[in-house]
Amino acid sequence: MKIIKLHVEKFGNLTDLSMDFSDGLNQVLKENGWGKSTLAAFLRVMFYGLEGKGIKKDISVNDRTRYMPWDGGAFGGSITFEVNGKTYILSRNYSDKTKGKAFLQDAGTLLESNDYSDNIGEELFGIDSDSFKKTAFIDHNNIRYLGANSKIASRVSDLPGMDDLDRFDQVDRLLSEYEVKLSNIRKTGALYKLNEEIHGLENELKKREKTEEELEAAKEEKRKKFSYIDELMKERKALSDKLVSLSEERTVAANYKNYSVVKEECLLREETYFQKKNAFAGDIPSDAEIQECSDILRKAEEKKLQNEILERDIASLKNDINTLEDRKQEGEKALGQKEDALSRMKDKNPFEVYSKSDERDGNNETDEFAEMLDLKISKTSSLFFAAAGIFLLGGVILVLINFIMNRNLLILGGGIVCFIIGLVLFILGSMRKKKEHALILSAERKLAKEREAAAFKKQEKLLNAENDRKLLQTEIKGYEERIAADKEKIRLKIETIEQNSVEIGEIEKNVREFSVKTNGANIELSDYEEIHAFIQKIGISLSELRLAEKEYLAAEEKKQIFLTEHPEYMQFEEGRSVPAEEEIGKEYKLTQERITEINESKEKLNEEIGLLAHQIESLGRDMDYYHALSETLSDKKEEAKESEKNLRKMKLTREYLTKAKNRFVAKYMSPVKDRFDYYMDIMANAGILPEDEYQIDAGLSLQKKELGSYHEIAYQSDGYSDMIGICMRFALLDVMFKQEKPMIIMDDPFINLDANHLEGAKEFLKSVAGEYQILYFTCHEDRM
Amino acid sequence: MKIIHTADLHLDSNLERNLSKSRAEERRNELLAMFRSIVGYAASEGAEAILIAGDLFDASFISRTALDAVISTITGNPGITFYYLRGNHDEGAFVEEFKSRAGKLPEHFRTFDENWTSYEQTGSDGTRITITGAEINRRNSVTLATSLVLDNDRMNIVLLHGQTADIKGKDDGEIIPIRDYRNKGIDYLALGHIHAPVIERLDSRGMYSYCGCPEGRGFDECGERGFNVITVDHDGLGVEFVPYAKRVIYDINVDISGLSDSEDIIQRIKDSALNSGVCSKDLMKAKLTGEIMIDTVIHKEYIKSVLEPEYYVVKIVDETRPHIDYNDFTNDASLKGEYVRLIKEELDAGNLDEETASEIIQCGIRLLVGDSNL
């Protein structure tokens, strides 16, 4: 293949440039800055298109940036070339519209040709741009041989399965990119970032323990505070109960006086009751017994009185009998007289018999009787009244004493009792007097009647003068009858008296028995007064006892009612002492203060709990966050593990693929070595390079033997390296292009060569120009 | 008397580790609905109590939605007594929140703390049972078992949350030394923390059981999930596991040996899924196994995209091995042949293990044939 001519429309600093080329060596001598490299690049770009897409700013790799005209317009050109006996015109125009797409024409017909596509470089040369730059395109900046690629190796080899080899570089690049992408060393590597992330997560998670501790501590603190609040509440409850209790005690203490009064009264009443009870040396009689005793005593008294009356009556009757006897005698005398008188009166007015002296006598008798009764009555009732008076007076005095001097229930009670006794006596006395008066009135009426009868009789005496005798006789008879009657009366009365005496005796016996029973011993009672007094005393005692009992029971009931209404006082019944009100007050105040303290503490604790709750919630969220982080960490670690596994796999794959490739290409490296040796000989013969030993490894890398071992030629001087690179390139080209050889573009390749070696270089050029079309650009004539 | 034993609902879980955001949200709602469903089941079956043996919630922070749902479900079923034991996840403020919303905890909601707490449950049929529980923590884990005292004459259920020495949970939990709970008069030890159902004999009298989570959340929780129904009568106590999960998670192995075409692989997966009982509502992880040709490329994403419409969630894991007959490459003059021979030499030299050798052969070959997926 050869270039016939070119035309640069616009490319870099080249504008409207046309050149023709011939077979063999075509030398272009232009000064520095003319655009030789640009021209060389133009040739490359025409076949392979612009390179460095996506790396806009780096003009060293971005052809568009580098070669676009400054005015930004379209750029491009055309090349006329011949290959396989056919001539073509290849044009590229980098404008917005065509975007540099290759346009191929048949040079003969100028018709568009589809023999090659836009990828014409690869199709023509069978190698990609990179391979082209490593072989046929010798740029003074890129002369040094840095190894072949798989395309070159593929072209160099005849082995089957070159598709694999062709693909190797891409695979290697893919794997390399993957390694870079996944690198755990490069900061941009995914594994590195993942490990950084994992490291970050682990560091972050280190705080979890502390947060967990803080959370536990906060929960514990909260629990403790709640517990403390519970205790405080229990204490408050107890204190509240205590307040209630103290209030009650205070009320109790305040009301204790009431209780004291009731209690004292009860005690007093009890004492009085027992005093009264103990006043009975023997059995305590019942009211009925006393009453009965009193009644029977009264009865006895009545009987006695009756006996007395009867005896007086007897005496009176006896007197009466005597009188009647006298009168009878007198009557008899009078009868005699009367008879005499009658005899005499028969001569007198029988109606002047009655005289006032008779009436007077009758009256005297009656008066005397009445006087006697009154006296007796007065005597008996006077006693009662006297006693009544004493008791009444005594009662009044005692009451007065009670009110004036000393409020003593005993005195008051005694006074009242005396008063009552006095009243009773007064009533008894009054009753007695009434009774006697009744008797007296009865007697008086009787006497009055008798007097009337006597008077009437006397008056009838005169009238009955005649009858006087009869009357006298009758009278005497009457007297006799009366005397007999009186005697009969006397006999009856005596009988009654005897009967009464028996009854009185019986009664007295009963009374004695009663006294023994109640007194425990027989009391010698001389008279009924004493007995009455005794019975009264018993009665009074019993009344007092009853009263005392009643009062005691009343006091007791009052106390029980009080205790029922105020059961709190039962404790005092049980002996509890009453605390002082002041003490209770102090205690109450202290308790209240403590409750206030507790409430304040509780409020403060609740605030603290609230803060703790916030803290716990926040820490809880943190823990959730750490939990999520932990899961993320696990996932990331898993991912990292997987990535590392993949990375290792890819590294191993790349390593072994490379090894396999090297082994594979080593099979075809010997032809390259032969041609390299050929060109090195030329160089050596030209004196440019020493005759050193070199080897080409399976990767088509070139190594020089020095000091017994092989080293990369990169360590050589520039001049030597460049020449070696040229030899290697031509060796590869010889093996790669056995038939149709490509043009060789050389952009000042000897720039680093010593001047004394330039002749050798020229000789080398001449030798290779016999096989290839060389397009040689230089700025120095010496290098031509 | 029927009692439901459930645990580890992990309401409000993130779930985005295995699921997409939308699916994760959907599953969170399904978990909440599961709780309501369990309570509904209890109500319809006449169960009188529900034991929640820990981890009702997944985290300390509980969303408003979850709180509302749980609280309303509990308060709306006063005929069921809820026994709530907290686990290692739900140490949050649920109880306090419940208390603050309702004024006080309802009487049919019973809680536990780090000390043993016992409650009496009397059934409508007259059977009586004592339910005792305690929340294990680092403070009480050592002494808890020894401090448990039960009335042997009563029927006893005990609640705990933690892991037994022989069963490991997904995350660390407090250890429950099962042997220390033997011969303590326990008829049923209701446990939480392990997400797979387990029923084992405790001693001659009773048994212990993890009811498992009622709904699986990830591919590590495969298989049937549900809860236990405990039936108590005068004769004793019986336990039955009730599968109840809305979606079952399957982890199936699919042998695709000899297959290379994606469609064939897809069909093989479908057949395996059908045989395993996977339904359209379920989650499925298909592990591709077997030996495939070296140059066979498994397009996991493509396979997943084809299968996804037919199941709720699909995950494809490639655990296939390349079929490598080294003899095939003995005379292969290509770079592939050179590559395989080289690796065989390394394998024979002991520089590589079989698995690595087959992996890098597969990788290298696939790359050389044009598969750029690394």
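## The six-stranded sheet of chain B

Chain B holds an open sheet of six strands, ordered β4-β3-β2-β1-β13-β14, with mixed pairing. Its edges are formed by β4 (109-111) and β14 (236-243) of chain B, each of which has a single partner strand, so one side of each is left without a neighbour in the sheet. On average, and with direction ignored, neighbouring strands of this sheet are turned by 20° against each other. The model is a predicted one.

Pairing in such a sheet is a matter of the backbone: strands pair through backbone hydrogen bonds, either parallel or antiparallel. Both arrangements occur here, as the next two sections show.

Strand β1 (residues 2-6) of chain B runs parallel to β2(B), and five bridges join the two. Within this pairing, I3(B) has A49(B) in β2(B) as its bridge partner. Between β1(B) and β2(B) the chain passes through helix α1 (residues 21-45) of chain B, in a β-α-β crossover that is right-handed.

The pairing of β2(B) with strand β3 (residues 81-85) of chain B is also described by five bridges, and these strands run parallel. Here the bridge partner of I52(B) is Y84(B) in β3(B). The chain reaches β3(B) from β2(B) by way of helix α2 (residues 64-75) of chain B, and this β-α-β crossover is right-handed.

Why is strand β2 of chain B largely enclosed by the rest of the structure? Seven of the seven residues of this strand (residues 47-53) are buried, so β2(B) is largely enclosed.

## The antiparallel pair

Strand β13 (residues 226-233) of chain B and β14(B) run antiparallel and are joined by eight bridges. In this pair, V232(B) has L237(B) of β14(B) as its bridge partner.

## Chain B as a whole

Chain B contains seven helices and 19 strands. Of its 374 residues, 43% are buried. Among contacts in chain B with a separation of 6 or more, 70% are between residues 24 or more positions apart.

## Nonpolar cores

The largest nonpolar core has 109 residues, and C727(A), L732(A), I745(A) and L775(A) have the most contacts inside it. Helix α16 (residues 718-736) of chain A supplies the largest share of this core, twelve residues. Neighbours within four places in sequence aside, the contacts of L775(A) are I3(A), F21(A), N26(A), M743(A), I744(A), I745(A) and M746(A).

A second, separate core has 63 residues, including A42(B), I62(B), Y83(B) and L191(B).

Methods. Residues numbered from 1 in each chain as written. Chains lettered and ligands numbered in written order. Predicted model: local features only at pLDDT ≥ 70, side-chain atom pairs only at ≥ 80, totals over all residues. Buried ≥ 20, exposed ≤ 12 C-beta atoms within 10 Å, placed from the backbone. Helix = DSSP H or I, 4+ residues; strand = E, 2+ residues; numbered from the N terminus. Pairing = 2+ DSSP bridges. Right-handed = clockwise from strand over helix to strand, strands pointing away. Axes fitted to C-alpha atoms, helices over the stretch in contact; angles between N-to-C directions. Contact = placed C-beta atoms within 7 Å. Core = buried A, V, L, I, M, F, W, Y, C linked by C-beta atoms within 7 Å.
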